[in-house]
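Please walk through this model with me, one region at a time. Keep the sequence and the 3D view side by side.

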Amino acid sequence: MSGVARQRSSMRLRGRSYMAFALAPEPPVAEWLAELDDWLRTSAGFFAGRPVVLDLAAVTLTSSAVTHLISELAARGIRIMGIEGADAEKLGPGLPPVMLGGRQAALEAIEARPRQGAPVATAPEPASLLLQSPVRSGQSVFFPTGDITIVDSVGSGAEVVAGGSIHVYGTLRGRAMAGTSGNREARIFCLRMEAELLAIDGFYRTADDMGTSHRTGPVQAWLDGEALMIAGLDRSS
Amino acid sequence: MGKVIVVTSGKGGVGKTTSTAALGAAIARTGQNVAVVDFDVGLRNLDLVMGAERRVVFDLINVVQGVAKLPQALIRDKRIETLYLLPASQTRDKDALTEDGVARVIAELRLRFDWVICDSPAGIERGATLAMRYADEAVIVANPEVSSVRDSDRIIGLLDSKTARAERGERVEKHLLITRYDPGRAARGEMLTIEDVLEILSIPLIGIIPESEEVLRASNIGAPITVCGHDSPPARAYNDAARRLAGEALDMMVPGEKKGFFNRLFGRRAA
């Protein structure tokens, strides 16, 4: 192993749009928080793991008040991914980024995910995708619901994105991104590693950071804390 | 019904036009009817390499748009009477090509010729995708360089997804032609080896054309290398490639290497 990878923030390689809840506090904020507490008592865990944007258009808060509000929300299990309706310059560093261009959306779009502890009977989605031909340069394989297995090579300039693990029974020369829907247990396996980029749950290493020690023989990559680890499969890991 | 072949590469300057002319002439010399079609609208070159630039009256765009009939635009080669050229227009751009028009012209060429060889422009835009659109088979021209090989890989992906055959669920058969192979540089490790290229692209190889002054000389006098220098190493390599394209099984040799090593490799990799 060429040591632990440097810590990296989440990767933003391509533009994507997502559905998120917008929380809009109203003045006075203390009373609004109390109302929120009342509501949460009947819907505990509603916001757990959900994307939430804080809409500050109706209130005037200083940077430190916003920081305080976000920590209050965090104490209630609400993580804020972005801020709307506020001036980017007034908010200091360390706060979530200011989001622009948000549009109203039907709540069903974000409600689609079944609530925790309330299993919904639906046909199980396929958990794996099998490809038996090379993934050529410029092609992109995206399978957010499970593992991708490729019984061939992945060309330089190709991209394989999986919600689960990625298995390449050939040479991996392009980019492989596993665990993109937040699966930290996902791994990347390949018979020969010449990848341009490896990523698991947003933590990535480029070819430059990998060195050449893994260039022969089968390799796996996994996540240890916030470090992307790479090691030969023949060595104990 | 003739066979439609696209000569393509993604990258420019690798030898598509030279290879189109050389393969077309080599096949036509066997007595079969061959049309070579220049799809590089706006930057035409095939007429120069074929030595027909002073006889161009109508071109592919005229035929696509119905201004001229196909026989009016076809130029017969002065040296090989079964070889014809359908030139591109130099004054128009690729937007003048329509999918329906190209389909009609290719269908008509297919009826008249045994082989229709389309010289694709570089890139992956409209001109290149239309050149490959109705192809039955493809010759992918690559130099043993990383950039060329990656572009070829991209083109192979497009052949598998954007052609009429692919959309019908059929395969476009692919053949690899490695050009500008320099034995000296290969020996010094300054180029990808043939083995590397085959490993990355994993399609069958039909020829390795050595880098040679002869090729340049042939272009300058306006004759396909298989016509004017038919005993030179590149001409022999092109002749063999044309025979393999027609289905013959011939031993392959890497220029500058002892026979034997590569036969084993070729048998394993690309048979």
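The paragraphs below take up chain A and then chain B.

This is a predicted model, where local features need pLDDT of at least 70, side-chain atom pairs count only at pLDDT 80 or more, and totals for chains, interfaces and linings use all residues. Residues are numbered from 1 along each chain as its sequence is written, chains are lettered from A and ligands numbered from 1 in the order in which they are written, and side-chain values use heavy atoms, with hydrogens and water left out.

Start with a sheet in chain A. Three strands form an open sheet in the order S1-S2-S3, with parallel pairing. Strands pair if DSSP finds at least two bridges between them. Helices (H or I, at least four residues) and strands (E, at least two) are DSSP runs, numbered from the N terminus. Strand S1 (21–23) and strand S3 (80–84) of chain A stand at the edges; each has a single partner strand, so one side of each lacks a neighbour in the sheet. Neighbouring strands of this sheet are turned by 30° against each other on average, direction ignored. Axes here are lines fitted to C-alpha atoms, for helices over the stretch in contact, and angles run from 0 to 180 degrees between N-to-C directions.

Strand S2 (residues 52–55) of chain A pairs with S3(A) in the parallel sense, over four bridges. Within this pair, A:Val52 has A:Ile80 in S3(A) as its bridge partner. Helix H2 (residues 63–75) of chain A packs on the sheet and touches S1, S2 and S3 of chain A. The direction of H2 makes about 145° with that of S3(A). Contact means heavy atoms within 4.5 Å.

Now move along chain A to another set of strands. S8(A) pairs with strand S10 (residues 188–193) of chain A in the parallel sense, over five bridges. Here A:His167 stands opposite A:Phe189 in S10(A). S10(A) also pairs with S13(A), in the antiparallel sense and over three bridges. A:Phe189 has A:Gln220 as its bridge partner in S13(A).

Next comes the hairpin. Strand S13 (residues 219–224) of chain A runs antiparallel to S14(A), and six bridges join them. A:Trp222 stands opposite A:Met229 in S14(A). Two residues lie between the strands of this hairpin, where A:Gly225 takes a positive phi near 65°.

Why is S14(A) largely enclosed by the rest of the structure? Six of the six residues of strand S14 (residues 227–232) of chain A are buried, so the rest of the structure largely encloses this strand. Buried means under 20% relative accessible area, exposed over 50%, and partly exposed in between (1.4 Å probe, protein chains only). In a regular strand the side chains alternate between the two faces of the sheet. Both faces of S14(A) are covered. A:Ala227, A:Met229 and A:Ala231 are buried on one side, and A:Leu228, A:Ile230 and A:Gly232 on the other.

A:Thr171 lies in strand S8 (residues 166–172) of chain A. This threonine is buried, with a relative accessible area of 3%. Leaving aside neighbours within four places in sequence, A:Thr171 is in contact with A:Ser153, A:Val154, A:Arg192, A:Glu194 and B:Glu199.

Now turn to chain B. Its secondary structure comes to 14 helices and eight strands. Buried residues make up 56% of its 271 residues. Among the contacts in chain B with a separation of 6 or more, 75% are between residues 24 or more positions apart.

B:Gly12 lies in the loop between strand S1 (3–8) and helix H1 (16–28) of chain B. B:Gly12 is partly exposed, at 37% relative accessible area. In sequence, B:Gly12 and B:Asp151 are 139 residues apart; in space, they are 9.7 Å apart, C-alpha to C-alpha.

What does H1(B) cross? The axes of H1(B) and helix H13 (residues 233–245) of chain B come within 9 Å and cross at roughly 70°. That makes the two helices, H1(B) and H13(B), roughly perpendicular (65 to 115 degrees). Residues making the contact include B:Ser19 and B:Ala22 of H1(B) and B:Tyr238 and B:Ala242 of H13(B).

B:Thr179 sits in strand S7 (residues 173–181) of chain B. At 2% relative accessibility, B:Thr179 counts as buried. Not counting residues up to four places away in sequence, B:Thr179 touches residues including B:Ser19, B:Asn143, B:Ile209 and B:Tyr238.

Notes. Angles under 35 degrees count as roughly parallel, over 145 as roughly antiparallel, 65 to 115 as roughly perpendicular and the rest as oblique.
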